[in-house]
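Hi,

Here is the model I said I would pass on.

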Amino acid sequence: MSELATHEKTTSEAAIPKVGFVSLGCPKALTDSELILTQLSAEGYQTAKTFEGADLVIVNTCGFIDDAVKESLDTIGEALADNGRVIVTGCLGAKSGQDGGNLVRQMHPSVLAVTGPHATQEVMDAVHAHLPKPHDPFTDLVPPMGIKLTPKHYAYLKISEGCNHRCTFCIIPSMRGDLVSRPVGDVLKEAKALFEGGVKELLVISQDTSAYGVDVKYRTGFWDGKPVKTRMLELVRTLGEIAEPYGAWVRLHYVYPYPSVDEVIPLMASGHVLPYLDVPFQHSHPAVLKRMKRPASGERNLDRLARWRELCPELVIRSTFIAGFPGETEEEFEHLLDFVREAQIDRAGCFAYSPVEGAAANDIPGMLPEKEREARRARFMEVAESVSAERLRRRIGATMQVLVDSAPALGRKGGVGRSYADAPEIDGVVRLLPPEKISKQLKVGEFTRARVVATEGHDLVALPI
Ligand code: SF4
């Protein structure tokens, strides 16, 4: 995903420095971008719509897979060609090149500064060094929720950075380091500001949400004068309480199937947070999970899912999987297909294993030919899609609450929204038909009730009521 930030303040003062900003990569990178843009705006910098119109350009990069590295390096090249003064931040900034030096500096020696991810202060220091901040900052022009790159009604809330695990296919810990949990008081304060700024759906993200607070030994912080532990259960409960008066949703991503998550499920059953869990299982066979060095790999996941669904029957599970991991036998792969059928995963994504440079898994014997990895991915998706389609069909006739994402002409011709079962950008949507009642309007960022009348691939079709 790439966006050139278009937030621009109206002012006649030509002397105000302008910064161009390109945000590449995942939602975690996006929240880094938002923090930097918020800070820039708080200090009185403007953002420019074009590279040429900027005094300098910041490129927030992604270094996860080879395509992302190429896209990031190309974007830096373009910014250098069109503007010449470029600061690089993000995952690629932490990556080494062939000679062990910094990869970005090796490829583009003329960049002004390079930082790793989650480095708002370092980026701001570099901006101050190369483009001194304006004399009179317009701090009061910053909206209370900061500058958002997502639509106004949903926002990502990053609760920690880094990861203590060492999954063999992943290089994130080498780029982002071990888990560092944000203070619980800061996280809750940010959540409250987002709701006050009009956010109706908060997406909690991190590398491992269930591990929140492990690094600080679940230290007690404070929110609203009351003690709150830096721990997933307390965080989620308090987020639910803060969201309630705003009628907003809280959705959890990247949760591992640890026993401690059992305690969060009743909060879903009681409506405190959405009954939706994004659990990246990656595989089901114990031997493959061991080769992957996955967290919670010893857990009995089918039993755990069954218990969760008993406690909260409406629970929706989204997950991602890897097909064709090095050494995966046909039997191990079929174990995975059986798991998806039995676990009744509502939404599944699957990658064919791709050897990411620097990942330990590349040295595991038994690399499968690319054609076979792709074939397994296709076989997986066929099974996963039929499970998903069947589960979607069961919703026909139900009435659901839908958050409206798009509604041209106040929904007179219908619109598009999402139910609790659909996270933005990764799941399906609810296609809203034109309302039958003339007086019924649909507004972006507001909820509507809708009766499901059909399914269409990964999506539902529903009539607003
Ligand atoms: S849990 Fe594994 S896959 Fe996820 S960030 Fe940590 S090391 Fe990477």
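How do the residues of the lining of the largest cavity divide into nonpolar, polar and charged? Seven are nonpolar, two are polar and one is charged. Bear in mind throughout that this is a predicted model.

Some more on the cavities, then. The count comes to three of 30 Å³ or more, and the largest holds about 60 Å³ of space. Ten residues line that largest cavity, and Pro257, Phe281, Leu289, Pro295 and Asn301 are the ones nearest its centre.

Next, the ligand. Around the ligand you will find Cys163, His165, Cys167, Phe169, Cys170, Pro173, Gln207, Tyr256 and Arg294. Sorted by class, that shell has six nonpolar residues, two polar ones and one charged one.

On to the packing. The largest nonpolar core has 56 residues, and Leu252, Leu277, Phe321 and Phe380 touch the most other members. Helix 7 (residues 232-243) gives the most to this core, putting in seven residues. There is also a second, separate core of 20 residues, with Trp249, Tyr276, Met400 and Val452 among them. Back to Phe380: leaving out residues up to four places away in sequence, Phe380 touches Phe321, Phe333, Leu336, Leu337, Val340, Ala348, Gly349 and Cys350.

Glu328 may interest you. Glu328 sits in the loop between strand 15 (316-323) and helix 11 (330-343). Is Glu328 buried or exposed? Its relative accessibility is 2%, so Glu328 counts as buried. Setting aside neighbours within four places in sequence, its contacts are His283, Arg291, Ile322, Ala323, Phe333, Leu336, Leu368 and Arg376.

Two backbone angles are also on my list. Most residues other than glycine have a negative phi. Gln282, however, has a positive phi, near 65°, and Glu425 has a positive phi too, near 75°. Gln282 is in the loop between strand 14 (276-278) and helix 9 (286-292), while Glu425 belongs to the loop between strand 18 (415-418) and strand 19 (430-432). As for accessibility, Gln282 counts as buried because its relative value is 9%, whereas Glu425 counts as exposed because its value is 59%.

Last, a couple of individual residues. Ile36 is part of helix 1 (residues 27-42) and is buried, with a relative accessible area of 2%. Which residues does Ile36 touch, not counting those up to four places away in sequence? They are Phe21, Ile58, Thr89, Thr120, Val123 and Met124. Ile36 and His118 are 82 residues apart along the chain, and their C-alpha atoms are separated by 9.4 Å.

Arg231 is in the loop between strand 12 (226-229) and helix 7. With a relative accessible area of 26%, Arg231 is partly exposed, because that class takes in values between under 20% for buried and over 50% for exposed. Not counting residues up to four places away in sequence, Arg231 touches Tyr212 and Tyr218. The C-alpha atoms of Arg231 and Arg219 are 8.1 Å apart, with the two residues twelve apart along the chain.

That's it from me.

Cheers

Conventions: Residues numbered from 1 in each chain as written. Predicted model: local features only at pLDDT ≥ 70, side-chain atom pairs only at ≥ 80, totals over all residues. Heavy atoms only, no water. Core = buried A, V, L, I, M, F, W, Y, C linked by side-chain atoms within 4.5 Å. Buried < 20%, exposed > 50% of the residue type's maximum accessible area, 1.4 Å probe, protein only. Helix = DSSP H or I, 4+ residues; strand = E, 2+ residues; numbered from the N terminus. Contact = heavy atoms within 4.5 Å. Near = heavy atom within 4 Å. Nonpolar A, V, L, I, M, F, W, Y, C, P; charged D, E, K, R; others polar. 1 Å grid on protein atoms, 1.4 Å probe; cavity = no way out; pocket = protein on both sides within 12 Å on 5 of 7 lines; lining within 4 Å. Points joined across faces, edges and corners; volume = space filled by probe spheres on them.
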